[in-house]
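Trainee: I am new to this structure. Can we go through it together, one question at a time?

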Amino acid sequence: MANCGCNKEFSSDYILLKPEKLSFYELIRVLFPGDIEKRKFVDCQEGADSSFERRWVIFISILAQKFLQFVAKPLASFGSTFEMGLNLFSANGGFGMFLFNSLRGNIQWPDKTSPTFSSFNGHLDNRVELDQSIQPGDRKYYAALSMMSSKISYENKAFIETVVEDQWKMEFLGFFDFWNDYQDKATTQAFILHDKNVNSDTIVVAFRGTETFDADAWCTDFDISWYEIPGVGKIHGGFMKALGLQKNLGWPKDIKQDDHTHPPVAYYAIREMLRKRLQANDQTKFVLTGHSLGAALAILFPAVLALHEETWMLDRLGGVYTFGQPRVGDHKFGEFTSEHLRKHDIPYFRFVYGNDLVPRLPYDNKTLMFKHFGTCLYYNSFYEGKIVAEEPNKNYFSPLMAIPKTINAVWELIRSFLIGHSRGKEYKEGWFLRAFRVLGLIVPGVSAHGPQDYVNSTRLGSSALLIIPHQIPIQ
């Protein structure tokens, strides 16, 4: 049994994976029968499930994390160069103008910290304006604002601040890099805004999702370690660590964060900022949102509030809106969180677009036992939405769905040339997004995870789906 050097007394059961303790021999050996608690890179209680299915999942998780750790620096370097190239062309008016400016010796060099520097996701969809047809009081307002907040959360601080204050006319409360006690670095990001427009006094907390070239974020996704908290259920270990799980303390109600040895951790720092704002005005509410990994953190946050019995804060939570959210916990976790959301009348809308791969992971089967819950708003490639208990093809990798998924990916590529004419110029897709959609022909579901289709879903989808939270039993 590996010793993770952390206090696990807060959990009644757990499986923790430690890829840094892995040798090639141990990696191969895990595929063969044997008690997994005896493996150096697995920390779990005696008698843990050692079936081949369990060992295969551990093998994939450990292998992926080991590979990501190995390529972390070159991946980050490539990503930085790639994004710089994208911004170099856009800053000079496109590739043709870049060549012209090169000949003139008048190249415009982008600054990575400037409000005009866009991320990979920002180049997929460069929209930053809110849809002016969706105003405060509209049923779709918070869904649309949440998605745009989730989208720009991938950008740098100056970019986000400029958009929030100059474009949206809202108060920017800060962008933050939060500490991950297990990765021993600041790998969780979020920003907070205060919407004080007419008919709205709402704070929005937007968690950043998985950045394309960030190996640490990908490791968080692939880390299928889990903890079982008594009365709460089993929860994805990678997501808990990203939100602020303490290595030596677990989830204490309060921690000290004033020693300045490292940045604050997400849950405790955000909770404290919300406390101050909410106590200053008893009419202010707050909304939690995120895309991808950020979506997982958004729904985990109120679960930890409930664990800590922060009832007055839950009473002020105006909604949770997640986009492309992976599964976070098991059936018990879903029941625990759903019960507290219902108790405090908190709407939770989980948006899923088409064949997006991420909401269908981790698997919902007897080996992993992860379950979705809440109101699932499923949108097809025509942005027609419906309320479902579970998105179609819930575990994604189905041979029977291979051909339909590929046909849909072909249609999405064709649609990218038509939508600007049929829906308006604000929906026009550029060459980079079209190239990304070509990837969907190879791996259907990857391009569907991008923010662009979720933005379109919140704008073009029917507002009737957002009237009240529809409580659907956990499957």
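This is a predicted model: local features need pLDDT of at least 70, side-chain atom pairs count only at pLDDT 80 or more; totals for chains, interfaces and linings use all residues.

Trainee: In what order do the 8 strands of the open sheet stand?

Mentor: Helices (H or I, at least four residues) and strands (E, at least two) are DSSP runs, numbered from the N terminus. Two strands pair if DSSP finds at least two bridges between them. The pairing in this open sheet is mixed, and the order of its 8 strands is 3-4-5-8-9-10-11-12.

Trainee: What is the average twist from one strand to the next?

Mentor: Axes are lines fitted to C-alpha atoms, for helices over the stretch in contact, and angles run from 0 to 180 degrees between N-to-C directions. From one strand to the next, the twist averages 20°.

Trainee: Which residue is the bridge partner of G174 in strand 4?

Mentor: Strand 3 and strand 4 run antiparallel, joined by 9 bridges. Across this pairing, G174 has as its bridge partner in strand 4 I192.

Trainee: How many residues of strand 11 are buried?

Mentor: Buried means under 20% relative accessible area, exposed over 50%, partly exposed in between (1.4 Å probe, protein chains only). In a regular strand the side chains alternate between the two faces of the sheet. In strand 11, T375, L377 and Y379 on one side and C376 and Y378 on the other are all buried. The count for strand 11 is 5 of its 5 residues.

Trainee: Strand 11 pairs with strand 12 over how many bridges?

Mentor: On the strand 10 side, strand 11 pairs in the parallel sense over 5 bridges, with R350 partnered by C376. With strand 12 (residues 385–388) the sense is antiparallel, and L377 stands opposite I387. The number of bridges between strand 11 and strand 12 is 4.

Trainee: Which residue takes a positive phi in the hairpin of strand 11 and strand 12?

Mentor: Most residues other than glycine have a negative phi, and most peptide bonds are trans. This hairpin has 5 residues between the strands. The residue with a positive phi near 60° is Y383.

Trainee: Is D184 buried or exposed?

Mentor: D184 is in the loop between strand 3 (171–180) and strand 4 (185–195). Its phi is near 60°, a positive value in a residue other than glycine. At 56% relative accessibility, D184 counts as exposed.

Trainee: What is omega for the peptide bond from L361 to P362?

Mentor: P362 is in the loop between strand 10 (348–353) and strand 11 (375–379). The bond from L361 to P362 is cis, with omega near -20°.

Trainee: How is helix 13 oriented to helix 14?

Mentor: Helix 13 (residues 402–423) and helix 14 (residues 431–442) pack at about 165°, with axes 8 Å apart. Angles under 35 degrees count as roughly parallel, over 145 as roughly antiparallel, 65 to 115 as roughly perpendicular and the rest as oblique. Therefore helix 13 is, relative to helix 14, roughly antiparallel.

Trainee: Which residues of helix 10 make the contact with helix 9?

Mentor: The axes of helix 9 (residues 266–280) and helix 10 (residues 293–307) come within 11 Å and cross at roughly 75°, which means they are roughly perpendicular. Contact means heavy atoms within 4.5 Å. Helix 9 brings Y267, I270, R271 and L274, and helix 10 brings F301, V304 and L305.

Definitions and conventions: Residues are numbered from 1 along each chain as its sequence is written. Side-chain values use heavy atoms; hydrogens and water are left out.
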